[in-house]
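Colleague: I'd like to learn how to read interfaces in a model like this one. Could you walk me through it?

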Amino acid sequence: MTPAATTFHPPREPRRQLNTEPVWVRRLLISLALSFLAFFLFLPLAFVFTQAFAKGIGFYFKSLTDPLTWSAIKLTLLATGIAVPLNCVFGVAAAWAIAKFDFRGKNLLLTLIDLPFSISPVIAGLIYVLVFGAQGWLGLYVNAEHPWFPWLAHWLDEQNFKVIFAVPGIVLATIFVTVPFVARELIPLMQAQGRNEEEAARVLGASGWQTFFRVTLPNIKWALIYGVILCNARAMGEFGAVSVVSGKIRGQTNTIPLHIEALYDDYNFTGAFAVASLLAFLALITLGLKTWVEYQNARQDETEISS
Amino acid sequence: MNKPVQRFLTICLVALAVTAPPIAASAKEIKLLNVSYDPTREFYTEYNAAFIRYWKAKTGDEVSISQSHGGSGKQAQSVVNGLEADVVTLGLAFDIDAIATQSRLLPADWQKKLPNNSSPYTSTIVFLVRKGNPKGIKDWEDLVKTGVKVVVPNPKTSGGARWAYLAAYAYALGQNHQDDVAAKVFIKKLYQNVPVLDPGARGATVTFAQREIGDVLLTWENEAHLVLKEFNSAGYEIVTPHQSILAEPPVAVVERTTKRRGTTAVAQAYLEYLYSDEGQELAGKHFYRPRNAKAAAKFAAQFTAVELVTIDQVFGGWAKAQKTHFADGGVFDQIYHP
């Protein structure tokens, strides 16, 4: 999927007969596509919800209000709440730099932004274990017999600041896998928009921040919201990278997806599906928001064209 | 400062305030982390509650115990990498040896610190078959027949899978006058019948019972009994072979961690209480074979008599067995090609 394709809408043209295929071919193709979607997307989703209520509504709410489930929900919201704003700021900054300025290493920056897309999340998790784990760089430094800065090693040991198998590691892993979402959404749009408006603003005497807030930000508003929604969805659902760095301590380092796995392995299948339905529900909200944003975006385009 | 900048900063501050991590709870509460292997989930849930009561009555202190479960080898690796366990209760001694040698978190002679090789309960490897035992599986010999699908986890990551592999190997040695070549042929045939290697015992059980793959599951005795209980409508049957291996899941205090966290006394008491009457009774209730004679007598009826070989007797101890069979390029790598 190219992000540009979803955010850039060509102006609507009057209806014209573009396809000359007979009606039955069109109907066949449409029903094929729909039944495929029903079978592979809708049925499994419906199954999740029916399984979730298999032991009645009381058990469903008991599963959701369990203290371990709550701590998983809180941890997921915390990790998402840190990762999404950070990636939002980073994404806007990176997209702005790439689309509006020329500098050396621009392609390198673009490649780096794409890195989390191209490597497996499990590897992302392992990278953090190798760096921050007790046998990794930082850990070896803290545990070394003769560290270079004994006071620093002592302080780190004293604080017992943990990255891996603790909340910071989960937040780091979540940030890593969601880095590209906002930036990748904005770059094509900002490149297409060019820099004419910003240059005009500067010529008219606006400061850098004014240009950004009055000219650039309104132009990219909907794409930014769209990127944030996608980023949010991925941050909440991330399993692989978080699974490696979590240590799976129940009630402490289990996020919602990890908690679902733990419940499933406890033979508590109904409980697992109940929590899974919560995650699916969050995904559906995300989908709804996404559709709404696309609709708003299209409407704005239309009003701009007609005016 | 102009207005948009102000607004931007306000938004940032609000976002920060909303998402800032909650301040850590008061440090006075005693917290223990027990890093364990897969099939102990139900046992430790109940044992932790019992120990919290006991410790409260004895000292008046509140203690809360967190659990982490997974394949035994994987859990050991997590502890080596910094998972801050106060106690480890793993599937086999080699995994705790690995923690001792790779991270020096506990002394090399950890296994001498508690009675019975630091294993408060024992278990063995049995077969679990589908209702009515349609493939007629009675002993190890039946597992290598063509058309029999055997579900067993990966010995590289799972403790139970290593015990299962060694039990099969010990059987083959006994049948072939201790001939290693013949035993390898047997074990190779056995693993050719394995359609999927799950990373942990619990994953293998779910594969067998929930996803209905395979004809026979090789697993811990306690795990097999638990499946009978959890899936009682499915009519699974336990088949105990005439000979199996004495599996000793060991426990240990991670001394360097508890010293730093000031939890040595309570961690030690937590493990010692496993040997008490109540601990032993709970072990028996969750289908581990208790060490204590009283508890063993009480639960004798639920265990089938089986001839048990030990790892020291057949394989010369865990270190040697691990090196010969499960290390990179060892016998398992030679015979198993997925």
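This is a predicted model: local features need pLDDT of at least 70, side-chain atom pairs count only at pLDDT 80 or more; totals for chains, interfaces and linings use all residues.

Colleague: Where are the domains in chain B?

Modeller: Domain bounds come from an automatic or database domain assignment. In chain B, domain 1 covers 30–121 + 248–302 and domain 2 covers 125–246 + 306–335. Their C-alpha centres lie 25 Å apart. Contact means heavy atoms within 4.5 Å, and here 21 residues of domain 1 of chain B meet 23 residues of domain 2 of chain B.

Colleague: How much area do those two domains bury?

Modeller: Buried area is the accessible area (1.4 Å probe) that two parts lose on being put together, summed over both. For domains 1 and 2 of chain B that comes to about 1,800 Å², with 60% on carbon and sulfur atoms.

Colleague: And how many salt bridges cross between these domains?

Modeller: A salt bridge needs a side-chain nitrogen of Lys or Arg within 4 Å of a carboxyl oxygen of Asp or Glu. The rule finds three between domain 1 and domain 2 of chain B. One salt bridge joins B:Glu221 and B:Arg289, at 2.7 Å, N to O.

Colleague: Now the chains. What does the contact between A and B look like in numbers?

Modeller: On chain A, 29 residues touch 35 residues of chain B. Together the chains bury about 2,800 Å², 56% of it from carbon and sulfur atoms. The salt bridge count between chain A and chain B is two. B:Arg41 and A:Asp265 pair up in a salt bridge at 3.9 Å, N to O.

Colleague: Which elements of chain A give two or more residues to that side?

Modeller: Helices are DSSP runs (H or I, at least four residues), numbered from the N terminus. On chain A, the contributors are α4 (67–100), α11 (208–237) and α13 (256–265). The largest share, four residues, comes from α11(A).

Colleague: How do the residues on that side of chain A divide?

Modeller: Ala, Val, Leu, Ile, Met, Phe, Trp, Tyr, Cys and Pro count as nonpolar, Asp, Glu, Lys and Arg as charged, and the others, Gly among them, as polar. The side of chain A that touches chain B has 12 nonpolar, nine polar and eight charged residues.

Technical notes: Residues are numbered from 1 along each chain as its sequence is written. Chains are lettered from A and ligands numbered from 1 in the order in which they are written. Side-chain values use heavy atoms; hydrogens and water are left out.
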